[in-house]
Each structure stands twice: as C-alpha cells, then as structure tokens.
Amino acid sequence: MGALSQHPIPEHMDSFARYLLSSTPSLGLSYPAAATDYLKQLFNLQTAWMTPHPGVAEGIKLFFFGTWLASCGLWIPALLEVFLDKVCVTATFTEGNHSYLWLKAWLDSNQTWNATARNVQVFCDSLVPLRPDPRTNAIPTDINWMQATYLPSVSSYVRLWYKWHPMTLSRREQNHSMAGHQILQSTITIRIYGAWSNLVLTDFLSEIQKAYLDDQKQTVSIYHREGNFWVSTQSYSRRDPTSLVLVPGQWEALRADALDFLSSREWYYERGIQYRRGYLLHGPPGSGKTSLIRTLAGALGLSVYPLILSQEGMDDSRLTTLVNALPKYCIAVMEDIDAAFTYSVNREDKSSNPNSSDATGKRVTLSGLLNALDGLSSHEGRIFIATTNKYGTLDPALIRPGRMDLHVKLENASKDQARRLFVKMYSQTSNIALNILDASSGSGDSGSQALSQLLSDGIPAATVSSRVVSGQDNASYNPMLVGMVHMAKGRKLDQSQLDRLAIQFSEAIPEGEFSMSSIQGFLLQHKVDPDMAVMDITRWVQKELDARKTASNVGMLPTSSSASTSGTPPGHQDVDIQSGAKFNDSKAVASPTPPLTPPDRTPAALPQNSESKGE
Ligand SMILES: Nc1ncnc2c1ncn2[C@@H]1O[C@H](COP(=O)(O)OP(=O)(O)OP(=O)(O)O)[C@@H](O)[C@H]1O
C-alpha cells in the first residue's frame, strides 16, 4: 500500500469526495480526515491498477483497435447492403425453375453477352436455335453446326448493361438432394444497379420471358419425372404441321380447339368448370398419334410432360403428386393408356392379374387415374392427351367428356394421304438433306467417299439403291451396304411430274390397309428416287399383304389391319371434332371442305361434376 500514497489526489476528486460525503451521511465518515484518507487509498489503488507496464498498455490499445476493425468488417458490409438495397435490385434464378430457363434464353440471345463474354462455361446444344455469328452477323449455314452457349463460370462475376443500368451476374453450383439423388444445381444471381424501384426487375423479367418464348417457338421441351418432380431433360425442334398428313381439316380443327381452350380461361371460371381439356387420340400403330401430339405442342408453344403410367414405381399416390406438380398451361401425355393396366381397362374387370404390378408391387389403378385426372388441385390450362391402339377396351368413365373431351380418330393411310405423303417426300424443298452425302462431289466424310467409290466402280446410283432395297440381290451380289443408301441428289421434278407420279403411287396403295409410318418407311428406301418408288410400290404392297396372310395363318396377325383398330367402347360415340358427326364415319371426316364449327362447348363436352369417379 506504500506505493499507493505516491499519487496525489487530483482537485476534481477532492470536490467529488465532498459532494459524496454530503449526499451520503449514512457512510458515517467526516470530511476531511477519515474520508480523505479513504478516498486517497481508493483512488491510488485504482490508478495503480490502470497504469500497467507500457508494453501491456500498447497491447491493450492494439486489442481495442483490432476489435474496432473487426466490427467494421461486420457493419460496413451491412451498411453497404442497406445502401445497395436502396439502389439495386437483386434476383436469384435457380436451375429447375422456369425462370432459370428464361434467363438462359435471354443470355443466349443477348448479342453483347455473346460478343463480350469472358470467363464462361460453354455448353453445346444442337437444339438451341441458331444465332448469328457475332463476327459475320450471319446465321451459320453448315447443317452440322451446333450452337455454343455460355453461362458465367461458377463463382465468377460478369458485368453487363441492362437499359443503361450496370448489371452483374454471378453463378454458384450446389449439390442438391432430390428424391434420393444428388443433383448439381446451379443458381444465377443478378444485380441491377441504379434501380430505385422494382419496375426495372419487372421489365427485365418480361424481357427474359419473351426471349424464352421466342426460343420456344422453335423448340418444344420435354420434361421427365425425377421421383416426385419434373425436370426438363430434352427439347426438340418443332415439327412443321404441313409435314403431318392427316385427313383434311383434322389438324386445323384440333389446333383451333386447343387455341380456343387456351384463350377461354374466363369462360371456364365464370361457370365454375375445371379449366382443363382432354384429348384422346386413337388409331392403329403408326397412324401418327405421337407425331400429332408433338406437332400440337409446338404449335401451341407448350411443354410436354409424359405421364408414363406403367413406369416402375408409379402408383396412385405418385401419379396424383405428379399431376399436381404439373405447371399451368402444359400438355400432359399418357401414351398407350390401355397398356397402363395389364388387365382390361375396365372397372368391371376387377380380376387381379399377378403380373399387373411391377417389381415394387406398385401400380396405377383406374380409380387412381380418374382421381388424378379430376384432382382437387387447380388444372389451370392443362391439356391431357391420351393415346391408345385399343379404343374398345377403355372404360367409358375414363374417356367420357370432361375427362377426354375430344376423341380424335387416326386411321391407316387413305389413297389421298399416301399421295400427299409422296408429294411431301419428293417436293424440292425437302432436297436440303440430299446434299449432305452428295456422292458426286467426292468430298466430305467417309460416307460420301464410300459412295464415290461405288460410283467409280461403275455401279449407277439408282441400281445400287434399288438392288439393295428391293431384295433383287442374287448370290453373286454381295452388297457392301444394306438398307437405303443415300447416293446422290434426286431427279428434279417439276410440279406436274411430281403430281403424276404421286397419283400413280397412291393408286397402288389399297385404301386404309397400311399405316402412314409403313408407307413413310417404304418411301424412305427410295428417298432420292421417286421413279423407283413408283416402280417398286406394287411389289412392296403385294409382299406386305402376303406376309400378313402368312402371319394370320399362323395366328399372329389379323387379316386386315383395320381389324386391329379398336372399335367403340360401350356406350360411347366418337365426336367428330369438325362437324359433330360420328367420328367413326371416315367419309364425313375426310370431307375436303369440313365445316370448322367452334370447339365444342356443348353440355355433353363439359365435365359432369355430378358423376362419381371410379365407381
Ligand atoms: N399422318 C402422318 N403424316 C406424316 N407422317 C406420319 C403420319 N403418321 C405417322 N407418320 C410417321 O410415322 C412415324 C411413326 O408415327 P407415330 O409414332 O406418330 O405413330 P403412332 O400412331 O404414335 O404409333 P404408335 O401407336 O406405334 O406409338 C413417324 O416418323 C411419323 O412421322
């Protein structure tokens, strides 16, 4: 304590002690003697403690400075965030969500981005629409050309401009668990600077959505099931509706009905009717059911969601989950709906077939399917399309109006369809593909070199083609190529020559005997040689009919392919989508100028809410 007395009591402490003693008489101290001593000791003790070794004092200062700096590291970014929140808009786009595809389509079509992109990850996709080459500003014409698209590299920043606003993009990737699978999920965050209101983001979103929709006009996306989710896995170029050779008016009527449905949301809401539409496409194999769905999806600009009812692991509850997870405005497809149930698709037939469940013991039941189709969730703009080759076996409850509103019957090729398919195949616009392996050029890949070799061996193109495909080979002829060879450009036909050959061709095709796909297959064998196709058709038809007769004799095939079509399910009449006449009446359908009445909204075509499901 001796050291403590070295420190003189400061003036202000003295006055403070006086004040303290006057205000706290309970301490029982009298100033100055005892109290002064007491305070002196107290003060000296304190100052001694606060006057450590100079090195320690510096350390303490350093400690406080470090703490201050560290707190700056916390509050400066927080303050910056508050500031940026005021002047920037930040938005995140996660892979798997539609908005991510919008952003990607916008980036793909953004010329500044494509011309200035650095530090990027490159993707190559043959189905992305071709963009002009930034160097030449021209669309690449080489048909092997695949469009490269860029995304910012992971963890890098990219700077762009959006309508006079600086913008940054950054991309992250994270492992994400989905239905037991680890999926690498990418997230892109954009920040638009100088955006005082959210309107800039609204503008941006509508711009990127438009870019996506513009792309979608050229391709159709197909989604697939991953557990209980839908993921986009594929896209394909839209099919030109004119390449689909149907009964006149059939395509136009179906398309008009679907377009009218898509623009009739209010109509459905006002009447309290589920805003959904169902189409049932039925007809023999190869009559174009799948092609029609794809073409329709392209024409409507909707994505396709296949509901594969017989897929392993699919049961009622999963089906309902998947149907509920469908987005607004899409096409859900149930192909070969009859095959979903290995027993008859009829509620009366309750015989439980031991083969009817998959290895997991799960399967979809008819009641489950009906419940999923009717569903409690909103069906906002969904189009359900089912296909079948066995129309007659389907349960009436499944295909009644309200579930399957329009039944579209596709048939084996008529003479008229065969003629139009021929014209389509050999019209000059389709010669584009024929230039790929132009043997006469002698240049190019090994395929065309092989063909050049054949030609230089003195075998005329048409001879090789026809000998290989027409089965005229004799023992001494050992073709080096089996199947259709693409020899050279086809003979150029003017319209009258083409029409004349097409009529000759169609006259050899028996009405309603062959599927469109088998005729297409035949024509593909002669794709550069229309004359040979006409010469060979009679032989081919006879061969096919003989083969059928043989097969039917051994009990493998019905004598006529028409027998394989379906019939009409009990209690149901087909609705002709054009005229309201029975769809079974092919003559009415084939009328060259079908009346295009408005899509049916007759009471019969609307859901019968009162009808119980799955009874
Ligand atoms: N009406 C048609 N017009 C043009 N091509 C057709 C037509 N029908 C079928 N094809 C062609 O035949 C092939 C098979 O057609 P698609 O798969 O659409 O038939 P499908 O009726 O769905 O057959 P399946 O019942 O066996 O699934 C396709 O290459 C398609 O282009």
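Predicted model: local features only at pLDDT ≥ 70, side-chain atom pairs only at ≥ 80, totals over all residues.
Ser155 sits out in the open: the residue is exposed, with 10 other C-beta atoms within 10 Å. Residues are numbered from 1 along each chain as its sequence is written.

- Ser155 has a positive phi of about 65°, and it is not a glycine.
- You'll find Ser155 in the loop between strand S3 (147-152) and strand S4 (157-162); helices (H or I, at least four residues) and strands (E, at least two) are DSSP runs, numbered from the N terminus.
- Trp164 also has a positive phi, near 70°, in a residue other than glycine.
- Trp164 belongs to the loop between S4 and strand S5 (165-178), and it is exposed, with 6 other C-beta atoms within 10 Å.
- For background, most residues other than glycine have a negative phi.

**Around the ligand**

- The shell around the ligand has 14 residues, and Gly288, Thr290, Ser291, Met516 and Ser517 come nearest; a residue is near a molecule if its C-beta atom, placed from the backbone, lies within 6 Å of it.
- Helix H9 (289-300) and helix H17 (516-525) are the elements that give two or more residues to that shell.
- Sorted by class, the shell has five nonpolar, eight polar and one charged residues; here Ala, Val, Leu, Ile, Met, Phe, Trp, Tyr, Cys and Pro are nonpolar, Asp, Glu, Lys and Arg are charged, and the others, Gly among them, are polar.
- The ligand lies between domain 3 (234-411 + 566-605) and domain 4 (415-562), because both give residues to its shell; the domain bounds come from an automatic or database domain assignment.

**Helix H10**

- In helix H10 (residues 316-324), the buried residues are Leu319, Thr320, Leu322 and Val323.
- Looking down the axis of H10, these buried residues fall within an arc of 165°, so they line one face of the helix; the arc is that of the directions from the helix axis to the C-beta atoms.
- Strand S7 (219-226) and helix H11 (366-374) are among what covers the buried residues of H10.

**Leu205**

- Leu205 is in helix H6 (residues 199-216) and counts as partly exposed, with 16 C-beta neighbours inside 10 Å.
- The C-alpha atoms of Leu205 and Ser99 are separated by 8.4 Å, with the two residues 106 residues apart along the chain.

Technical notes. Buried ≥ 20, exposed ≤ 12 C-beta atoms within 10 Å, placed from the backbone. Contact = placed C-beta atoms within 7 Å.
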